[in-house]
Amino acid sequence: MATRPSKWWRDKSVLAVWTGLALSSLFCAQGCGHTRDHRTNLIVWGVTLGPNDKGQADVFREFERQNPDIHVQTLMMGSGGMNPQKLMTAIVGKVPPDVVYQDRFTLADWAARGAFEPLDPLIARDQGRDPRTPTADQYYPETWDEASYKGKVYGIPWMADDRIFVWNRALFREKARALRSAGLDPDRAPRTWSELLAYSRVLTEKNPDGTLKRAGFIPNFGNAWFAMYATLNDARLLSPDGKACTLDSSAAREALEFMKKCYDVLGGAENADRYQSTFRGEGNDAFFTGQVAMKIDGDWALGGIARYAPRLDFGSGPPPVPDDRFHRRGRFQDVASVWTSWTGGYAYCIPHGARHQEAAWKFIKWVTSYEARMLEGRQQDALNRTRGQMTFPRLTAQVRATDQSLKDFMPKNPALAEAVKWHFRLLPVSKVRPVSFAGKVLWDEENTAADRALHGKATVDAALATASQNVQRILDEVNDEDRYPVANLAPATATGLLGVVLGGVLLIARKHSGGLGKLGRKEALWGYLFVAPWVVGFLVLTAGPMVVSMVLAFTQSNVLEPSRWVGWKNFNEVAVQDRAVLIQSFTNAFYIAGIGVPLGLVTGLSVALLLNAVRRGAALFRTLYYLPAVVPGIATVVLWMWILSPDPRMGLANAAWNVTVGPWFDIPSPGWLSSEAWAKPALILMGLWGAGSGFIVWLAGLKGVPNELYEAAQIDGARPAQQFWSVTLPQLSPLVFFNAATGFIGAIQIFDPVYVAANVPGTVASDRLTVPVYQLFTNAFGYFRMGYASALAWIIFLVILAVTGVQFLLARRFVHYEVDS
Amino acid sequence: MSASLLFLASTLLLWFGVGALAGAVYQVVRIGWERSRWWWIASGAGLIFGSGIPHDLGRPTPKLWLPLVFPVMPFPSWLLLSAALIFLPRLCLGSVTGAWRWRPLLGWAAFIAVCLSWQAHMDPPKLLRGALGIEPAAGAGLFALLVGGTVVVARIAQNRRGIDRVRNAAVTLALVAGSALFCLPLLWLLLTSFKEQSDNTGDHLIWVPMVTQTHAYFDTDRPYVSTVWRGERVWGTLAANTPHPEIDVERPYPLMGWRVPTDPATTRPEQRLGTVVTTTYRGQPVTAFVRRELVGGEREVEVLSPPPLQGRRFTTTQSESQNVRHPGLRWQNYTEALEWLPPETGHGLLYLRNSLWLVLTTVVGTLLSCSFVAYGFSRVRFPGRSALFGLLVATMMLPTAVTMLPRFLVWRWLGAVDTLVPVWLPHFTASAFNVFLLRQFFKTIPVELEDAAKIDGCNPLRTYWQVMLPQIKPALAVIGVWAFMGAWNDFMGPLLYVSSAEKLPVSYAVQLFSSDKGGEFGLMMAFATLSTLPVLAVFLFGQKYFVEGVQLSGLGGK
């Protein structure tokens, strides 16, 4: 084989490919170099300019024209919205962007940890000098206050949004008789919660099997979260001083009870979820098609109506309020406005440690100015006209710009105009989410609680009480932090490291107290040289970090603020207070590993057995079966999320299901990643796709089984099946054990698919699909709760250690090792 | 209880009957009628009794039905069945031979109890709902196929060679079916990447990609030109009423909305692409192309054919004009996916460069450091070797999660966040698994070789480099290919450490792209395909060495 002439050629071509790759990479470096120039590179995160964002693009471009020495680079980076990890890592890593376009309700969170720069000094300096300087009086008070924390301004609000109630007039007319007989007026919208329920009851239609044919009102369809209903019921989720979480107040409970009643009308949240999973976007929006009769939605939804359903006959109004509020009874006696809504929006901020602060401030002053906002509207309109699309008045946080926009772009369509008017009327009376450093946690917890209560996983009271406790813990952590002594981590870490090194040296020295000869000493030196790369790596990247991790587990620290010793508090939190999450995450991981790994082994082994038996075309089949494993992990997840999309009109899996398993056995197609029950099987399926490639190791193992054993078995009259069970499998058992052990350890640490899935809207709530490493990751790099994360890491370590131990015990019983002669 | 149990019983009988029928046919062809009598009786009994028992579960019963209960049983039922199959014979055998073995029996009983309690949560009739209603003709066809197939197989399998041939055919068939299943998602990836957005989100799945026909033309009303701006060619409409000629950029997409000055040296007129539609002009069907979309769903079109009307312009609506489409591949998904990437990254070129850099360093680092360390552990004697090696093996069990956060702090302290260094440098410190593997491999190489080198005056470094390293090429090939794939696919590293667009590798770019452009399936799949191509090429190229290497490298156990 070594003398085959083709090998020389092959080796050369390997070389050629590598040279080509190297050259092309160099070429890339050259080719891209030209975009670098002497200008300041102002990096803005949270903004991407798509083909529909001409207005914004022109605003940025105008800034560059005014400041020829600055280049604006925009990036989405998954920041701005709900994924804080990237931004936090960048700030902590001292490489933050210069400007961040951030959701306002999370601002206090960042501000409290010193991650954003206060803007007051800059405002005070420029006020009166620069007419573009943003000041509080130009903005709606609620929006300005939302971007402030403890009296300091951390962001300049840009857009604002609020939510109104829209209803399908045509449907109301169609159901006029039924509505009238229920005592309801088909020509107007419900105004109170009890009216809303009554309308929904009449408008909801069900199929004989109980599934929905039409929904009257789905509380979470459109854009209305628990926060919306809490706002309508004047539920305060935090005490005024921000020190106590009141998520379980009676007003909040009422709001959630109301949501639950809405879902009860629809036959439960599960039923509504199943119905919603068939909804389409864009032109086939469920509200346009009449699948949903009423909804609460934001101002951006009007654009969709104008674009895809300009002739839609719909009415609009304020979101229905609790009956007492409508009649100004009880605690609503003195309420200033009967109608209210919930507003949110984004703000431009400067992260701590930004490299070009002045340029960033100049940029923010420009984009938030009245002129820029007007320019944005004009340019956007110009683009929309060429596309045959309408421009809507833009709700922004700035009063003057909003008023002007209303004048400039009032739609002619009366239904749309009415809706726009309601949006503008409600904006001044709308409320924001509470401003707190725990804003993000509060938001996550309240939605988890709502989700649990609505899906019957807990009672309303219990769900809210749990959530309230969880938020309270975070509040206390900061409010009471003076209880814990400030920690200097360096001595402890240094002591630990020294201990590790000394211990290692002592161990080696003790074991080999006997002297080495001269030759031996020389060889030993060589030995240490050879293993040095690993020893260095071990000390710096494994042992050192483990010591650090141990130390951190007893502290509360987030890098940006001084650390504090907290003793066993972190372990207590992870294992006792957050028991439910911990158990859930490990259950998920064990489920995925426990079913996925054996299935994977069986798949790989079956492919190997077949490949071992086939006479012709083995090479081709080998390639085909290995291909899935070659596809990069992230691409695999992206592909499978597409294949497993619940809508059978798009997802290959469910399309196949709907012509086979579905009709045969009367099982509705699964929701895969969007349903709780099927999310884990979906992940297992993804893993299984690549598991066919495991054959390669099995094949090697099969070739290693001595032929004499088979011959002996044949002489004994064993049939193929018997040969497999009594010769092949025992011979392969060490390999089975090895693959099972490493596969299991790997599968428990599953992370990539969960992370990718969690960052795509429409997948099951990430807390239900959570796995230990994901949990660790979000705590470590999303919140930089380093103490908590370290404690969790040690618990993961212990669990894996235990699992491995059990596996070794099992191995002793079942694994057959050849005895070396 | 009765309906479900009856259904279960009848299904069992039917399966038994069908199986016995196949057996009977096989026996007749192989041996003759005389030996097949019991098979026939069994199959007849099974089929007759099985279909004789009423199996109405409260829904219309098809005329003919295939009892498919078992293949689609829920998971716990499967477990229960298999447990019962193991448990019952053991129980019986044990009582016959008197050799009771309590512990396994108790274990199996416990297992069955768990399965039962699991099943208790399920809806009993649904467990047994497995009948497949089929048309009588189709049923007859299936039946004929079964009998015919058995006959053919039995004819061929008359002798040893025949049996071999049948077995080989079955194996090949299974392999073909399996590989089709495994490659279907890949095929779907490719198909999706070539489809238009409307086909990906249409009302049903589409297997043949279609493309919309376009007509290229020079727009005289709103001149479409291209120019070079900041070193990159941009396309757009010439802006009206400006003192100096300027362009409203339309492409590349990320620059959309910029109005840039034209550069006389590089500016040139460009053709627009208008969608070709069929519509009617004064009652006459015409083919035309869209010049412009207007407000309110109207579009201005220009007639292409029939010739007498060519060049005529008029206004129609979107609903009255149908796009002309024909089967074809939409390659633009690929160019547009790249066009979408930030211009600062050279439209993805930098991603490629970063990934190649990662791959290069990782492969070199892994091969060098692992073989180096493994040589030390296998052939050089020094105090503490076994202790250190034990430590190395122990780190294999250490979850990466434990050191994730502190490692980040270490790199932060070293000022290496937002570079690729933390992603590739650790590969120069040898990974436990590879060292373990290579050490096994080194051990198989005869010591004499090394001794000869030593006598020739080589120091250990030279021995390692010149004598030992060439001996372990197959193992190195495997580790190299794995390192390549690992580096190309690495996601967690870049996710943690890289935040500048210019420093992203491809793997992370795919995730960012998919979260930014979640709805554009064609573009997403095109980008995913592009991210696969380099590894695919390396694998196809190196697979021969790879497969051989795995077999030689002792990965197959021991």
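1. Not counting residues up to four places away in sequence, Val638(A) touches Val756(A) of its own chain and, from chain B, Val510(B), Ser514(B), Met524(B) and Ala528(B); two residues are in contact if their C-beta atoms, placed from the backbone, lie within 7 Å. The model is predicted, with local features needing pLDDT of at least 70 and side-chain atom pairs counting only at pLDDT 80 or more, while totals for chains, interfaces and linings use all residues. Residues are numbered from 1 along each chain as its sequence is written, and chains are lettered from A and ligands numbered from 1 in the order in which they are written.

2. Val638(A) belongs to the largest nonpolar core, which has 319 residues; Leu107(A), Met259(A), Val373(B) and Val435(B) are listed with Val638(A) as touching the most other members. Helix α10 (residues 349-379) of chain B supplies the largest share of this core, 15 residues. Apart from it lies another core of nine residues, including Val276(B), Val286(B), Ala288(B) and Leu304(B). A nonpolar core here is a set of buried Ala, Val, Leu, Ile, Met, Phe, Trp, Tyr and Cys residues joined through C-beta atoms within 7 Å.

3. The contact between the chains takes 118 residues from chain A and 119 residues from chain B. On the chain B side, 69 residues are nonpolar, 35 polar and 15 charged. In this count Ala, Val, Leu, Ile, Met, Phe, Trp, Tyr, Cys and Pro are nonpolar, Asp, Glu, Lys and Arg charged, and the others, Gly among them, polar.

4. Chain A is assigned domain 1 (40-160 + 346-387), domain 2 (163-341 + 433-479), domain 3 (504-553) and domain 4 (574-814), with bounds from an automatic or database domain assignment. The C-alpha centres of domain 2 and domain 4 of chain A are 39 Å apart. Five residues of domain 2 of chain A are in contact with seven residues of domain 4 of chain A. The domain 2 side of that contact has no nonpolar, three polar and two charged residues.

5. Chain B has 20 helices and 15 strands; these are DSSP runs numbered from the N terminus, helices being H or I of at least four residues and strands E of at least two. Of its 558 residues, 36% are buried (20 or more other C-beta atoms within 10 Å of a residue's own; exposed means 12 or fewer, partly exposed in between, with C-beta atoms placed from the backbone). Of the chain B contacts between residues at least 6 apart in sequence, 65% join residues at least 24 apart.

6. One open sheet of chain B has five strands in the order β8-β7-β6-β5-β9, with antiparallel pairing. Strands β8 (259-261) and β9 (268-269) of chain B are at the edges with a single partner strand each, so one side of each has no neighbour in the sheet. Strands β5 (residues 224-229) and β6 (residues 232-238) of chain B are joined by six bridges, and Tyr224(B) has Thr237(B) as its bridge partner in β6(B). Pairing requires at least two DSSP bridges between the strands.

7. Strand β10 (residues 272-281) of chain B runs antiparallel to β4 (residues 214-217) of chain B, with four bridges; Thr214(B) is partnered by Thr275(B). Six bridges link β10(B) antiparallel to β11 (residues 284-294) of chain B, where Thr279(B) stands opposite Val286(B). Their hairpin has two residues between the strands, and Arg282(B) takes a positive phi near 50°. Two bridges join β10(B) to the antiparallel strand β14 (residues 322-323) of chain B; Thr278(B) is partnered there by Gln322(B).
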